[in-house]
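Welcome! Let us take a friendly walk through this structure, one part at a time.

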Amino acid sequence: MPLTEPYDDRLPPEGRAAAARDEGVVGGPAGSDEAVTPADVGAETATDAADPAADGGGAPEPEPVLPEPVRQRIVTLTAAVLPGLPADEVPVPLRRVAKFAPNRRARLGAPAIAAQLTADPLFRQRVSARVLTDAGDLGAAVVEGTAPAAADPVEVAALAYLARPRGWRDLIEASGAAVRAEADSAVVAELVREAEQRATRAEHDRAVARVEAEKLRDELARVREELGQQREEARQLARTLRETQARERRANELLATERGRAARATADAEAELRRVRARLAEAEAAAGAARSSAKEARSIDDARLWLLLETISQASVGLRRELALDPVDTLPADFVAEAFADQPGTATGAATRARDTDDPARLDQLLALPRAHLVVDGYNVTKRGFGEMSLEQQRKRLITGLGGIAAQTGDEVTVVFDGAERIPGLPPTPRGVRVLFSRKGETADDLIRRLVRAEPPGRPVVVISSDREVADGVRRHGAYPLGADSLLRRLARS
């Protein structure tokens with residue numbers, strides 16, 4: 001409930017005096033031997049409250065309209081003394097507000113404090129007793145009804161509202177007038193300050209305008225000077241244009257002369273071109289005749305060559321019939337494989353005798369020869385190239401790589417491993433690769449030499465082994481030995 005609502009003094013003067021006696025003595029002005037008690041304040045307040053009835057009115061006068069600064073000061077004073085009151089003297093709605101922090105008590109509890117000050121005269125009297133005690137001389141002066149002229153009118157009005165001595169409404173009215181006068185003075189001062197600021201800005205604008213005018217005059221002078229320069233340049237350009245037009249006319253005349261000369265040269269060139277084309281046609285006719293003659297000669301040579309090849313072919317057929325040679329299904333290495341392997345494998349291919357080197361390019365050259373046979377010393381190659389693997393992984397990797405070579409070249413490929421019997425766990429043999437294991441009591445080197453001796457003289461056989469003894473042995477039988485590195489590089493390239 002706001003402080004501006006009608007005041008309801010529900011306690012009789014005797015009750016208020018008793019309440020004031022319960023509060024104790026409120027000290028008077030500093031340096032005075034007299035003391036102002038809450039009973040005196042209650043008596044004066046009761047007297048002041050009884051004035052409207054004495055004047056003939058039966059109802060209490062309404063609460064005065066408080067200026068906003070006065071209302072805020074009353075709430076602030078009440079919030080300051082609220083924690084100091086005994087718990088039973090604090091109204092129930094304000095007991096929770098009394099526990100707030102000082103900076104939040106007046107801000108958050110303002111509505112409840114204003115409502116209790118208006119509705120509860122006894123609470124207001126208890127608050128006024130403590131506030132007057134804290135105010136000292138100013139509080140005593142307000143209770144007496146006389147306020148110092150130098151005192152803050154807002155503070156005087158707040159104390160008068162709480163204490164309510166005789167003439168307290170006049171003090172509040174005087175405070176409102178003082179507050180309004182201060183507000184009017186502040187408005188007038190603000191208007192004067194704004195007027196001075198406008199005058200200052202106007203003076204500044206005039207100074208700026210003068211500076212801008214000087215700049216514009218300087219700019220106008222510069223523009224006029226540039227205009228004069230532009231006019232002079234325009235006259236020079238006009239003179240240059242006339243001279244250029246004269247040179248252009250002379251150039252057009254020279255161009256017409258040169259065009260006539262070019263037309264005559266073009267006619268001469270076209271006549272010469274026609275003569276050259278005629279000679280070219282004659283040369284093409286002669287070349288056509290020459291090509292016809294060469295074609296006939298080449299046809300005669302082709303007929304002679306065909307007759308020669310046919311004669312050779314008929315001779316070879318007759319020789320085969322004379323020798324009674326039948327086509328064969330097995331190769332020489334197949335016979336050796338049947339004797340030294342559990343599962344014979346057949347693969348056709350070609351290989352070339354390699355040179356004793358580790359160059360994979362030479363291996364490629366030898367594998368390009370017709371009907372070549374590639375024989376590989378298995379463990380000699382795997383232990384040199386990927387010895388960190390297990391034997392099973394070594395065999396699998398080598399056989400897989402040789403399958404790729406056989407598929408690329410179409411050569412016959414045989415790989416030989418040491419072993420008394422066929423080792424289980426072998427991968428499927430790729431097409432074109434033959435896998436052999438040496439018998440008990442015989443090494444892979446011996447088996448390689450038997451394979452080389454089984455081949456007919458003249459067939460290119462390439463043996464891959466870094467064993468010097470194997471290389472020397474197969475070389476004596478006409479094979480081409482190559483080091484293991486040549487095959488490893490060839491496999492890495494694949």
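Two strands are said to pair if DSSP finds at least two bridges between them. With that in mind, strands β4 and β5 (residues 480-482) pair in the parallel sense, over 3 bridges. Please remember that the model you are looking at is predicted.

The table sets out the two pairings.

| Strands | Sense | Bridges |
|---|---|---|
| β4 and β5 | parallel | 3 bridges |

Look at I464 in β4: this residue is the bridge partner of V376, and the bridge partner of I464 in β5 is L482.

Now for the nonpolar cores. Which residues touch the most other members of the largest one? They are I74, L82 and L162, in a core of 38 residues. Elements giving two or more residues to this core include α3 (68-81), α7 (121-135) and α10 (168-323). Helix α9 gives the largest share, 9 residues.

Apart from neighbours within four places in sequence, L162 is in contact with I74, L77, T78, L117, R124, V127, S128 and V131. There is also a second, separate core of 26 residues, with Y379, L402, F417 and V433 among them.

Key. Residues are numbered from 1 along each chain as its sequence is written. This is a predicted model: local features need pLDDT of at least 70, side-chain atom pairs count only at pLDDT 80 or more; totals for chains, interfaces and linings use all residues. Side-chain values use heavy atoms; hydrogens and water are left out. A nonpolar core is a set of buried Ala, Val, Leu, Ile, Met, Phe, Trp, Tyr and Cys residues joined through side-chain atoms within 4.5 Å. Buried means under 20% relative accessible area, exposed over 50%, partly exposed in between (1.4 Å probe, protein chains only). Helices (H or I, at least four residues) and strands (E, at least two) are DSSP runs, numbered from the N terminus. Contact means heavy atoms within 4.5 Å.
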